[in-house]
Amino acid sequence: MNAIVSVKNVSKVYLLGKTEVPAVRDASIEVGEGEFLSIAGPSGSGKTTLLNLIGCVDTPTSGTVVVNGHDTGRLSERALTDLRLRTIGFIFQSFNLVPVLSVFQNVEFPLLLQGTLAKPERRRRVEALLDAVGLAEHARHRPSELSGGQRQRVAIARALVTHPRLVLADEPTANLDSRTGETIIDLMREMNRRDGTTFIFSTHDPKVMSHANAIVRIVDGRIAAREAAQAVGGR
Amino acid sequence: MGARRDAVRVLLRIALRNLTAAPVRTGILGAIILVGSLIVVVGSSLLDSIDRGMRTSVQGSLGGHAQVYAARSEGTLELYGGLRGESLLEPIEDFAKVKEALSKVPNVKQVVPMGIDQAMVATGTTFDVALERLREDVRRMEAGDASAERLRLYASHQAHVRRMVGLLAEDIQQARAIADLESREIKSRMDEFEALRRAGSEGFWREFDADRYGALEFLENRVAPVAMENSFTFIRYVGTDVEAFFRAFPLAEVAEGRTIPPGRRGVLIGKQFAEEWLKLKNARRLDQIKDLRDRRGKQIAKDEELQRWVRDNRRGIREILLQLDPVSADEVAARLRAALGVEGRDLAPQGAPNTDRGSAASTDLAPQGAPNTDRGSAASTDLEPLLVRLFETTDEDFEAKYRIFYEVVAPRIRLYKINVGDTITVKAPSKSGYFGSVNVKVYGFLQFKGIERSGIAGMMSVMDLMSFRDLYGYLTREKADEIRRLKARMGAREVRREEAEAELFGAPAASPVATRSEPIDERGLVLGAADRAERASDLSSRVYSQEELDGGVALNAAIILDDPGALRPTMKAIEAASARAGLGLKVVDWQQAAGTVGLFLTLMRGVLLFAVVIFLGIALVVINNAMVMATLQRVKEIGTMRAIGAQRRFVVVMLLLEIGTIGIAFGLAGAALGGVVVGAIRALGGIPATTDMLYFVFSGPSLLPRLGTASLVGSLVLVVVVAVLSGLYPAWIAMKVTPVEAMATED
């Protein structure tokens, strides 16, 4: 199994005034391609920080993070942004769609940033994805006209539209009721199976965790355990 | 490639959507930008037009494109007069040298010598004119003319003079009533009174024929001086090479009469000056009322100024009465009665203001009550109420009465104190201290096309250069040397003022010798005068060569260029040429040369610039503030874009595009609105020149602003630049947003 993400002895320390707050301490994990991995832990345990480090939106205080073969600590701001654009898809807890763009335009947005695909190709991709997430009918709607679950589907479509090798989702179901959360996780899982895209998502909800094929438990910034999904008795 | 364009399109879409998503903010920012753009467009259009008007006025009337004058001058050149009188300029001693050196500078088309100064002009009083008529009669009768017509005129002119003496006596009577009896002045007043009493007496006129010249002389020497007020006036003139002047200044034209023949001495009086200062006051006021009615639609019934003029005109008829001898008065009265449709004597109730004054004076004056009883025939007694009625104008009858005045009254009186064809005496203190005086013929009235009504240029008269030099009386070094030599040869010495009398006449005279009036040898005087006139005409018929005109003093010179666009470099070249030839000239552009008037343009520019800077400064702060708020509200959105893979540049462009869009859209709207405003101003007849200054600055009765492409493009660029500048800080904030912000939970 090839490692798409390799975290080695990573620490992240924030400065809160003059006190140093360690958010992640000496964490090491490897995530293989095609995994559907959950990072689990209580609030403030460092889940988000770890996810940010993996997602190249933050850099470690010490240790190395290698994503798709790139050591993020050695990349410039521009290169990191480019890496995010081409390799990683993001799903946010509060969906984070661009309010002034339609569903279609939101999904198309990363493709425009990439600037490699022609219009018909983009259209095909966006429409296929909207179809897959069940929002083909809503392509012209504004995010504000959609329910929370629908918005998160749009976000999933947006995350996948560039065909990234890795998708990161920070508490993707936290703002949704449990039923809807369930369907969102199902959808992510389906995409994971269909395309072999690696998913890493954080959650503190055991029901959501149960969908993962592996769980990394984090407590006080330290990785407590990495368990295979079977251990927690998923489906 | 296509995708990049699509990215730009999406940026634009985001920008537009963001703008429409916050209509209030967009509206406020847009309004600010719109108003800014409007101010700049309208302001710069007005300024351009003012600049053009001013350029036309100054360059076309006196300024040319540039001016030179002696660099060692204390003052600065002010072509249209400064706040403290004429500028103190040192002379250019030899204009020929200047002309020669500067004419060689490329792009210089013409160098026109000038000398601007003020001078006194004797205008002669109404009394003088009446006396002159009587003298003419006497002269002819002495020469043997005894025709009935001559005798009739003689009687009429006698009556005229006699009536004026009466009126003068009234004046003196009033002056005596208010004068301090203890004052020293009273002595001379008494003398005047005595002279008037004698001139008004029955006996004086009875014996007039016995010694006509003697009687005339008494009237001229003793009585005429009493009527001295308003007998001279000041003119502002430019002494110049007249021919060159008209070639150089396209706006200058002769309004009446003809131009001064080449090389001759002469003067062209400023038309506007003539209207203002030389014209009969009543006529002038009628003109002004007509002008305001015609041009600005003012009404006598509603406008206080017009009402005041009408009142002044009713009171001012004396000036007209004084000018009319009984014969003319009869004529005028008869024609006025016909024109005004007055029957017989139904005038009395009109209450002429002068009737009771006459009787009051007569009780005190001349036992025989001579002056008043003889005011003239019954008809001319009627003239006063008729004139009162003529000037008692209302909005309804103004036009008709205006015409009647000019058809009936004007041809029989002296409408202007100086007329075309007169020879006038111009006096001025010369540079060397003495009072210079020249007689010059008035060839015509001068005006400047387009700015006829402006006193700034219109007060200016044009005189020949030779007369100017006589008046200016500059002592060239050679002349001064010659005088020193002469003094030495004659043994002249300086005498102190206090001791002058003793030095010159020995001991002071014991007592004043009683003066005695002696009949003067009129014939001899006439002969002498003829002799003098011959010499004067000799001077005035003399034709000066171009060398004579050029070779002498000038105070400044106007430079006319072939290509006015190359003013700056040519000025540099002129400076260089002046330095090379050691001329010591200062070179100024037309605007500087215009002095205080030129400052107006600078002032307007300053005001507009100030307004624009202040406004745009405020706009900058407000827009910046609003955009900062908007950016802070969108930190999460921006963070998300950054996380998804948008580069910093993308975010910056997004924000600048947003504000730039407002800038362009509303800037265009503002410019368009500005165009509409400018068009509307034009359609409504422009901005009226309400003052003399504005008339000059606008170079006409109103300012018709023109929309310049430059001002349109300029305003748009300016507004967009300001908008983008005000977006820089918000954009910087946006750039600093990290993708981590996207992860933050929003509550």
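Mentor: Let's start with what "buried" means here: a residue is buried if 20 or more other C-beta atoms lie within 10 Å of its own, exposed if 12 or fewer, and partly exposed in between, with C-beta atoms placed from the backbone. Bear in mind that this is a predicted model: local features need pLDDT of at least 70, side-chain atom pairs count only at pLDDT 80 or more, and totals for chains, interfaces and linings use all residues. Residues are numbered from 1 along each chain as its sequence is written, while chains are lettered from A and ligands numbered from 1 in the order in which they are written.

Our helix is α2 of chain A, residues 77–87. Helices (H or I, at least four residues) and strands (E, at least two) are DSSP runs, numbered from the N terminus. The buried residues of α2(A) are Leu80(A), Thr81(A), Arg84(A), Leu85(A) and Thr87(A). Their cover includes β4 (62–67), β6, α3 (103–114) and β7 of chain A, along with α28 of chain B. Contact means C-beta atoms, placed from the backbone, within 7 Å of each other.

Take β4(A) from that list. It belongs to an open antiparallel sheet of 4 strands in chain A, ordered β2-β1-β4-β5. The edges are β2 (19–32) and β5 (70–71), each with a single partner strand, so each has one side without a neighbour in the sheet. Strands count as paired if DSSP finds at least two bridges between them; β4(A) and β5(A) are joined by 2, and Val67(A) stands opposite His70(A).

Now β6(A) and β7(A). They sit in an open, mixed sheet of 6 strands, ordered β6-β7-β8-β3-β9-β10. β6 (88–91) and β10 (222–228) of chain A are its edge strands, pairing on one side only. Inside that sheet, β3 (36–40) and β8 (198–203) of chain A run parallel over 5 bridges, with Ser38(A) partnered by Phe201(A).

That leaves the piece from the other chain. In total, 25 residues of chain B are in contact with 27 of chain A. On chain B's side, α1 (2–21), α28 (635–644) and α32 (740–743) each supply at least two residues, and α1(B) gives the most, with 10. So what covers our helix includes α28(B), one of the elements on the side of chain B that touches chain A.

Note on methods:
Contact = placed C-beta atoms within 7 Å.
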